[in-house]
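Have a look at the structure first.

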Amino acid sequence: MFRKIAVAGVASILFSTSAMADGHGKDIVDTAVSAGSFTTLVAAVQAAELVDTLKGEGPFTVFAPTDEAFAALPEGTVETLLKPENKDQLVAILTYHVVPGKVMSGDLSDDMTAATVQGGEITIDLDSGVMVNDANVVQADIETKNGVIHVIDKVIIPAS
């Protein structure tokens, strides 16, 4: 158990160091690109034509799934979503991961809900760590010049 916690702590420090290096000078997209663990998310944001929005003034709070989170989706899901004919569905999923404003971890309370840019609501659970719906927050409070990123371990899907 201790080893698992220690490995998670080291990974967290390494990630936050690389992502936070000049994080305040970079916007959300550039911070995600430089972190190196969000290539699928960045490709999806590009396919959905949301780059300019997430480079905009904001502020935005982004719950950012890692490459591993996207890889855990059923086989073929990412490829299907990246097709031009599925752009509306991709936009809905990506904007479900974004909350207007800058919400830091200290602003959260158990069982609170937040309206997403997509129009749905996410629920924050603090009972066993920090969860957004059924995704764990694995790194919080990565500040950027136009908001904040919280790294999550699962892609969250809005209700149909």
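In the hairpin of strand 3 and strand 4, which residue takes a positive phi? That's Gly119, with phi near 115 degrees, in a hairpin with 5 residues between the strands. Keep in mind that this is a predicted model, where local features need pLDDT of at least 70, side-chain atom pairs count only at pLDDT 80 or more, and totals for chains, interfaces and linings use all residues. Residues are numbered from 1 along each chain as its sequence is written, and side-chain values use heavy atoms, with hydrogens and water left out.

Strands here are DSSP runs (E, at least two residues) and helices are too (H or I, at least four), numbered from the N terminus; two strands pair if DSSP finds at least two bridges between them. Strand 3 (residues 113-115) runs antiparallel to strand 4, joined by 3 bridges, and Ala115 is partnered with Glu121. On its other pairing, strand 4 meets strand 5 (residues 131-132) in the antiparallel sense over 2 bridges, with Val132 as the bridge partner of Ile124. That hairpin also has 5 residues between its strands, and Gly129 in the turn has a positive phi of about 85 degrees.

Now for the cores: sets of buried Ala, Val, Leu, Ile, Met, Phe, Trp, Tyr and Cys residues joined through side-chain atoms within 4.5 Å, where buried means under 20% relative accessible area with a 1.4 Å probe, protein chains only. The largest has 28 residues, and Phe38, Leu41, Leu54, Val62 and Leu94 have the most contacts inside it. Apart from it lies another core of 12 residues, including Phe63 and Tyr96.

Terms used
Buried < 20%, exposed > 50% of the residue type's maximum accessible area, 1.4 Å probe, protein only.
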